[in-house]
Amino acid sequence: MATSLLPRSARVAVVLAPHRARLMSTAQSRAKAKFLPDFSMANKVAIVTGGARGLGYEFARAFVRSGCTQLAVVDLKLEEAQSAAQELVNTACSPSHPDSKPSDYKIIGVECDVSSERSVQKAYAETIETFGRVDSVVASAGIVENYSAFDYPFDRIKRLYDINVHGAFFTAREAARHMIPAGGGAITLVGSMSSSIVNIPQPQTPYNASKAAVKHMAASLAVEWAKKGVRVNVLSPGYMLTKLTKTILAHDQELKKTWESLTPMGRMGEPEDLAGAIVFLGSDASRFVTGTEVRVDGGYCII
Ligand SMILES: NC(=O)c1ccc[n+]([C@@H]2O[C@H](COP(=O)([O-])OP(=O)(O)OC[C@H]3O[C@@H](n4cnc5c(N)ncnc54)[C@H](O)[C@@H]3O)[C@@H](O)[C@H]2O)c1
């Protein structure tokens, strides 16, 4: 555009544009580097169960993006946990992060079935042996299934509670066993908005009840351990696009539209939408927060 056609003030702005652009980009990058240090996960050892994929992987990635360099990805299959661990390092050291190098990171994959207390104890033993301590734990391993109450086979209901409820409990209890003698830590259980509402149209009574149990488990454990320096909170996502929900949606194209129409923000969440909340709960930024629920659901529960 010819500058002479513009008013004088705009012409000055156009002439100054390259210089201002340089100044602004410097200012922006300085501003970018500034954040409340309490949100940093640097120098913290973290564990994320169910961390090989889906929300768990995104929680681990959020910790790494916030400075965490020592982390255990805990999941059912060793190879998947290890390959997620490697992917986290690769992403942290991609060309867009020229200051990072793989040797800065110690991220391991650990095999564990959270429904077995023995397996959870083994996973912690391996993590403690590697890092010496654990500061921040996220219990994300979980499953969902859609059966009507009359059709749900009992062995499957039992398995769901073994993973979602007992798995979260074993994960939290083992974390606190290590954190209390070391002076404390943060435990974040992954619940769901399903602990507060009944999802429609899909039937999932045991899942909803399991997540209500997880929410109250966080509150109850928070009270047990509050004076011992261990905080326990629950992060409750709304409908998020992960493998778990994509599997459900693959059989039902209309379902996504229904879920979106019931969400005030009109969309499903991306796993990355939970990054701020998980870092808040897992870091010192939430040092006076315990026994609480942080819901990240695009407003679903308010209508
Ligand atoms: N995706 C959503 O919309 C949504 C919404 C609310 C809550 N959640 C909760 O978030 C958590 C993660 O869900 P997701 O969508 O990432 O699911 P996902 O299926 O994509 O990932 C779950 C991960 O947990 C692992 N896992 C399953 N059983 C395990 C076990 N017994 N021991 C160890 N690891 C096990 C899986 O291997 C997988 O890596 C779950 O607790 C889920 O209930 C998900």
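In which loop does Glu 145 lie? Glu 145 belongs to the loop between β4 (136-139) and α5. This is a predicted model, in which local features need pLDDT of at least 70, side-chain atom pairs count only at pLDDT 80 or more, and totals for chains, interfaces and linings use all residues. Residues are numbered from 1 along each chain as its sequence is written, and side-chain values use heavy atoms, with hydrogens and water left out.

Glu 145 has a relative accessible area of 11% and is buried, a term for values under 20% with a 1.4 Å probe and protein chains only. Its side chain forms a polar contact of 2.7 Å with that of Tyr 152 and another, of 2.4 Å, with that of Arg 156. A polar contact is a pair of N or O atoms within 3.5 Å, one able to donate a hydrogen and the other to accept it; residues adjacent in sequence count only if both atoms are side-chain atoms. Beyond four places in sequence, the residues in contact with Glu 145 (heavy atoms within 4.5 Å) include Arg 159, Leu 160 and Pro 203.

I turn now to the helices. The axes of α4 (residues 117-131) and α5 (residues 154-182) come within 10 Å and cross at roughly 40 degrees; axes are lines fitted to C-alpha atoms over the stretch in contact, with angles from 0 to 180 degrees between N-to-C directions. Helices are DSSP runs (H or I) of at least four residues, and strands (E) of at least two, numbered from the N terminus. Among the residues that meet are Tyr 124 and Ile 128 in α4, and Phe 170 and His 178 in α5.

Note on methods. Buried < 20%, exposed > 50% of the residue type's maximum accessible area, 1.4 Å probe, protein only.
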